[in-house]
Structures are given as structure tokens and as C-alpha cells.
Amino acid sequence: MQKEVDLVIIGGGQSALASGYFLRRTGLDYLILDDKETCGGSWSQTWESLTLFSPSKFSSLPGYMMPDSAGEYPVREEVIAYLCAYEKRYDIPIKRGVRVTQITRENGVFIIQTAGREQIKSKAVISATGTWQNPFIPEVSGRRRFQGLQMHSMEYQNSKAFERKRVLVVGEGNTGAQLLAEVSKVAQTFWATHEQPEYLPDDVDGRVLFDLATAKYEAEKLGKPFDASRYHLGNIVMTPSVKEARDRGVLISKGRISVLEETAVVWENGGRDDIDAILWCTGFGFATDHLSGLVSVDARGRISTENTRCKDIPGLWLVGYGGWTGFASATLIGVGRSARQTVKDIVDYLKDLK
Ligand code: FAD
């Protein structure tokens with residue numbers, strides 16, 4: 001068993017880096033455990049052609065701006081390079097290749113168990129494990145009977161596996177639209193969506209979504225009404241590839257799935273199409289399995305929090321994840337605010353322990 005530290009952060013992605021930035025001058029003895037062998041958090045798992053919705057200066061962590069991208073928006077490799085440079089610049093102490101399997105708490109001290117059977121003791125914990133390790137696929141009737149290839153967007157790297165196939169793409173979010181655009185270049189595609197997809201105007205990018213979300217957040221904080229009728233926050237951003245797919249006439253939803261058969265999809269509004277493969281672009285839960293022995297975790301992986309502080313377990317914070325752990329906390333530009341407040345809370349908490 002290692003010596004006891006003040007703080008352990010689980011996960012070494014952008015949320016951990018933002019927390020590390022604010023921890024620099026606190027004098028706390030802390031370390032970060034990440035199960036990946038390389039820097040950049042889950043961005044290395046995203047598909048090869050992924051491009052951000054906003055320019056680099058709207059996609060930066062605290063302190064150090066993402067350098068200008070070669071194109072209008074940063075691509076996956078530029079995001080990874082930025083996160084790796086950020087980690088190096090601030091000398092953030094990440095121990096890699098360490099998977100945390102379970103956390104318990106005894107006499108007010110956390111005992112962190114790793115897959116390598118190491119145990120680390122800590123006075124406080126930040127969980128910053130993101131969503132990518134908890135892909136969500138809805139229980140569509142007949143899904144387990146379907147005999148072809150099924151892939152979640154989490155595993156998708158490029159369209160190779162779908163070449164010349166008949167592919168059902170499921171999901172009306174940005175991921176669904178972007179992967180439909182890419183796969184439809186090499187395959188015959190059918191698009192299943194729960195609701196009819198809604199698109200932002202062509203000249204609007206992710207900055208508007210962020211500004212709108214900020215305005216909504218500020219209004220709610222002041223108890224003022226907020227009129228979001230101009231744009232819905234979840235709308236599809238018209239990236240160049242999505243625009244091109246629209247021009248090719250492939251951005252057409254066939255609506256909801258009624259049932260999947262061995263080799264076909266039956267539609268709720270009638271009709272049936274033979275398919276060879278399904279690409280599920282149906283989102284994620286939260287990767288909080290390692291906390292399930294410590295605190296109540298709901299079906300999506302959510303834990304009861306007040307901002308980032310776990311309501312039920314003193315000394316435990318959750319950073320990143322999404323709205324339930326802080327406004328825009330699952331974005332590069334938004335996580336800094338949650339991280340700063342969390343570090344401040346932890347410093348106060350540890351002072352009170354003395
Ligand atoms: P992650 O990046 O997932 O990092 C968590 C780390 O923890 C990973 O390295 C993981 O392997 C590790 N880990 C998990 N469990 C354990 C464990 N038990 N033990 C040890 N390590 C563990 N955000 C933007 O700001 N702009 C965008 O344009 C944007 N586009 C996106 C497009 C798509 C398709 C998706 C899916 C997301 C997008 N995001 C965007 C969101 C962003 O990718 C994620 O929200 C972000 O990666 C979250 O960072 P994180 O540090 O919280 O988690």
C-alpha cells in the first residue's frame with residue numbers, strides 16, 4: 001500500500017488536466033491515474049475525421065490557448081496534440097496504464113483499488129472518467145436477433161468496415177449526421193431517428209450553441225425566463241461534410257424503427273429494408289462503475305451531486321460528465337469553471353480535516 005496522498009484524480013483527460021491546472025499552487029500532494037497508455041484522454045478513441053464545431057480559441061482549457069488550427073476548425077489530431085502539450089507545459093502528474101476498479105472509504109480515507117491490485121489511500125477523490133467507456137445502445141425490439149455487424153460510434157474509426165454494405169445509421173444527433181455523411185459515401189444508408197432531425201442554419205457553428213447555453217445558464221441563475229425558440233440547443237451543426245451529404249440527398253430520416261429482423265429493419269410508419277450492418281450513434285452514459293461500491297449510481301451512471309460535489313460521500317467530487325456536474329463541463333471551454341470551483345472546495349475540505 002502506497003503512502004496516503006491528499007487527492008487522487010481518476011481519469012487523465014481534459015477534465016483532469018483542467019483540475020491539475022488549478023492544483024498547481026495549492027501545495028497539495030496529488031496524483032492522476034489514467035488507464036490509457038498515451039495522453040489526450042478519450043479523444044484518441046474518436047473517429048479519424050472528427051472535427052470540432054468551434055475554432056480553437058473557443059475550445060481551450062484554462063491558461064493556455066489551443067494553437068490556431070490548420071483549417072477553420074481543429075481536427076482530432078490537433079486536439080490530442082494540444083492536450084498532450086498542455087499536460088507537459090504544466091507538468092501534470094499522470095500515472096498511465098492504471099485502471100481504477102473500485103473505491104471504498106474507511107475511517108474517512110478513500111482506498112483506491114487498481115486493476116494491477118495496487119491500493120492507494122487518499123483523503124479526497126475527483127472522478128473525471130468521462131463517458132466514452134459507457135456507450136449506450138437502446139433496447140430496440142429484435143436487436144439481439146439481427147445477424148449483421150453492429151457497431152457503436154465509440155468503436156467507429158472510419159467507414160472501411162461498411163464499404164458496399166447496406167447500413168442502418170441510428171441517431172439524430174451530430175454524431176449520427178456526421179457518420180451518416182461519411183458512411184454514405186461508401187455504402188447504401190438508411191437513417192433511423194426518434195424525432196425528425198433539426199439543423200442549425202448553414203452559417204452558424206458551435207460558438208452559437210455555447211453562447212446560447214451560457215445565456216440559458218445565466219438566465220436560470222437569475223430566475224429569469226429564457227427564450228430558446230430561435231435555436232434548439234441540440235440541433236445539428238452544418239459542418240462541411242454534413243452540408244455535402246445534404247446536397248447529395250442522403251440526409252433523409254426514415255423515422256423510428258419498429259423492429260429489427262435477422263437481416264432487415266421494419267419501420268414504424270410501414271415499409272421494410274434489407275440491411276447488412278447497424279451503426280449506433282445513440283450516445284453514452286457516464287463511466288462511473290468504479291464508484292458503484294461506494295455510492296448509489298443510476299442506470300446511466302449518474303450520481304447525486306451539488307455542482308461537482310457528491311452529496312452522499314464527503315471528500316468525493318465529479319468533474320466533466322455534463323450539465324449535472326456543472327454547466328458545459330463536458331466541453332474544453334466549459335470544464336475550467338467546474339475545475340476551479342472544485343479545487344477551491346477541496347482545499348477548504350482538507351483544511352477542515354486538520
Ligand atoms: P475523457 O476525455 O473521456 O477522459 C477520461 C479518461 O479517463 C480517459 O483517458 C479514460 O480512458 C480514463 N478512465 C475512464 N475510466 C477509468 C478508470 N476506471 N480508471 C482509470 N482511468 C479511467 N467537446 C468539446 O469541447 N468540443 C467539441 O467539439 C466536442 N466534440 C465532441 C464530439 C463527439 C462525437 C463526442 C462524443 C464528444 C465531443 N466533445 C467535444 C466532448 C468531449 O470529447 C468529451 O466530453 C471529453 O473527452 C470529456 O473529457 P473528460 O476528461 O471528462 O473525459
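What follows is helix packing, then the ligand.

Ground rules before I start. The model is predicted, so I take local features only at pLDDT of at least 70 and side-chain atom pairs only at pLDDT 80 or more, while totals for chains, interfaces and linings use all residues. Residues are numbered from 1 along each chain as its sequence is written, and side-chain values use heavy atoms, with hydrogens and water left out.

I describe two packed helices by the angle between their axes and the distance between the axes. My helices are DSSP runs (H or I, at least four residues), numbered from the N terminus. The axes are lines fitted to C-alpha atoms over the stretch in contact, and angles run from 0 to 180 degrees between N-to-C directions.

I looked up H1 (residues 14-23) against H2 (residues 76-89) and got an angle of about 30 degrees, with the axes 10 Å apart. That makes H1 roughly parallel to H2 (the label for angles under 35 degrees). Their crossing is left-handed, that is, the near helix is turned anticlockwise from the far one by less than a right angle. For contact (heavy atoms within 4.5 Å), H1 brings Gln14, Leu17, Ala18 and Tyr21, and H2 brings Leu83, Tyr86 and Glu87. By class I have 5 nonpolar, 1 polar and 1 charged residues here. In this scheme Ala, Val, Leu, Ile, Met, Phe, Trp, Tyr, Cys and Pro are nonpolar, Asp, Glu, Lys and Arg are charged, and the others, Gly among them, are polar.

**H1 and H6**

Next I checked H1 against H6 (residues 335-353): about 50 degrees, axes 8 Å apart. The crossing is right-handed, meaning clockwise. Gln14, Ser15, Ala18, Ser19, Phe22 and Leu23 of H1 meet Val335, Gly336, Ala339, Arg340 and Val343 of H6. I noted 6 nonpolar, 4 polar and 1 charged residues in this contact.

**H3 and H5**

The axes of H3 (residues 174-183) and H5 (residues 240-248) come within 9 Å and cross at roughly 60 degrees. That makes H3 oblique to H5.

**The ligand**

Then I looked for polar contacts, pairs of N or O atoms within 3.5 Å. Asp34 has a polar side-chain atom 2.7 Å from a ligand oxygen. For Asp35, a side-chain N or O atom is 2.6 Å from an oxygen of the ligand. At Val100 I noted a polar backbone atom 3.0 Å from a ligand nitrogen.

Definitions and conventions: Helix = DSSP H or I, 4+ residues; strand = E, 2+ residues; numbered from the N terminus. Parallel < 35°, antiparallel > 145°, perpendicular 65-115°, else oblique. Polar contact = N/O pair within 3.5 Å; in protein donor to acceptor, adjacent residues only side chain to side chain.
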